[in-house]
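This briefing is written for a reader who has the sequence and the structure at hand. Please consult both while reading the points below.

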Amino acid sequence: MSSNLDRYERIAPFYDLLDLPFEYSRYRKIRPLLFQGLAGRVLDAGVGTGRNIQFYPPEAEVVGVDVSPAMLARAKRRRLSLGVEVELLQMDVTHLEFEDQSFDAAVATFLFCVLPDDLQVAALREIGRVVKSGGTIRLLEYVRPRGAMRSAVARLWEPWIAWAYGAGFDRRTEERVPEAGLEVVGSSFVVDDLIKLISIRATK
Ligand SMILES: C[S@@+](CC[C@H](N)C(=O)[O-])C[C@H]1O[C@@H](n2cnc3c(N)ncnc32)[C@H](O)[C@@H]1O
């Protein structure tokens, strides 16, 4: 975790710029999918610079958490410029300072692909703990593409994204969901065979 903290503190000033091509070519179209039908108290885990903020449903009361104060500072600026009410707090997703079952739903975008393998289940379990039983958890995550060509391109990119973002295409988040005591209720590719929308039900 501390390496992610250091990394995102360092990268925060450039993050939006580095991500801009991907934001416009890929993410903008798929972020709204996360929020379809969500209402009530919603957790945005690993909120980053607040790229999801403009898609928060007006009927939801969102709390965004991130381990990096520098990323949160940017999210706070975005909150101000968009005029959206969202509580932004520094917190590690593996140790959430919230009561059990205190959220109706949770989302995370490109958080699990930056969490190391040994934190995947801890993070899933912790998000599951704070979401009400039966509540929805939705993730947008990169996976390693299956096609030979795309897989080769992903391998070329991997050292850069590992260095810059601490990210990998090889996280097995979906497979680890049952280990965290949760249930996958939907999983589909939303960008080629590269980005998945994973829907999970919190179970107690
Ligand atoms: C790739 S960025 C994605 C940011 C944002 N969700 C988006 O869609 O643009 C990953 C974010 O996860 C945060 N993060 C990494 N490890 C974390 C942890 N253990 N707890 C909370 N946030 C974490 C990073 O600081 C960073 O802001």
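Helix H4 is followed by Gly166, a residue whose phi is positive, near 70°. The model discussed here is a predicted one. The points below begin with this helix and the glycine after it, and then turn to other parts of the chain.

**Helix H4 and Gly166**

- H4 covers residues 148-165, and Gly166 lies in the loop between this helix and helix H5 (173-176).
- The 18 residues of H4 should span 26 Å at 1.5 Å a residue, and the end C-alpha atoms are 24 Å apart, which agrees with that expectation.
- H4 bends by about 40° at Trp157, and the proline Pro159 follows within four residues.
- The helix is hardly covered, since the count of buried residues among the 18 residues of H4 is zero.
- When residues up to four places away in sequence are not counted, Gly166 touches Ser3, Asn4, Arg7 and Val114.
- Gly166 and Val47 are 119 residues apart in sequence, and their C-alpha atoms are 16 Å apart in space.

- Most residues other than glycine have a negative phi.
- Gln101 has a positive phi of about 50°, although it is not a glycine.
- Gln101 is found in the loop between strand S3 (86-90) and strand S4 (103-109).
- With 16 other C-beta atoms within 10 Å, Gln101 is partly exposed.
- Phe110 is a residue other than glycine with a positive phi, near 55°.
- The loop between S4 and helix H3 (117-130) holds Phe110.
- Phe110 is partly exposed, because 19 other C-beta atoms lie within 10 Å and a residue is buried at 20 or more.

**Core and buried residues**

- The largest nonpolar core has 50 residues, and those that touch the most other members are Leu43, Ala45, Ala106, Ile127, Val131 and Ile137.
- Val131 touches Gln101, Phe103, Ala105, Ala106, Ile137 and Ala202, if residues up to four places away in sequence are left out.
- Ala105 belongs to strand S4.
- Ala105 counts as buried because it has 22 C-beta neighbours inside 10 Å.
- Beyond its neighbours within four places in sequence, Ala105 is in contact with Leu38, Gly40, Val42, Val131, Gly135, Thr136 and Ile137.
- Ala105 and Ala202 are 97 residues apart in sequence, while the distance between their C-alpha atoms is 8.7 Å.
- In helix H3, the residues Gln120, Ala123, Leu124, Glu126, Ile127, Gly128 and Val130 are buried.
- These buried residues of H3 pack against strand S1 (40-45), S4, strand S5 (131-142) and H5.

**Surroundings of the ligand**

- The ligand is surrounded by 22 residues, of which Tyr8, Gly46, Gly48, Val93 and Thr109 are the closest.
- Helix H1 (2-35) and strand S2 (60-66) each supply at least two residues of this shell.
- The shell residues divide into twelve nonpolar, seven polar and three charged.

Note on methods:
Residues are numbered from 1 along each chain as its sequence is written. This is a predicted model: local features need pLDDT of at least 70, side-chain atom pairs count only at pLDDT 80 or more; totals for chains, interfaces and linings use all residues. A nonpolar core is a set of buried Ala, Val, Leu, Ile, Met, Phe, Trp, Tyr and Cys residues joined through C-beta atoms within 7 Å. A residue is buried if 20 or more other C-beta atoms lie within 10 Å of its own, exposed if 12 or fewer, and partly exposed in between; C-beta atoms are placed from the backbone. Two residues are in contact if their C-beta atoms, placed from the backbone, lie within 7 Å. The expected span of a helix is 1.5 Å times one less than its number of residues. The bend at a residue is the angle between axes fitted to the seven residues ending there and the seven starting there. A residue is near a molecule or strand if its C-beta atom, placed from the backbone, lies within 6 Å of it. Ala, Val, Leu, Ile, Met, Phe, Trp, Tyr, Cys and Pro count as nonpolar, Asp, Glu, Lys and Arg as charged, and the others, Gly among them, as polar.
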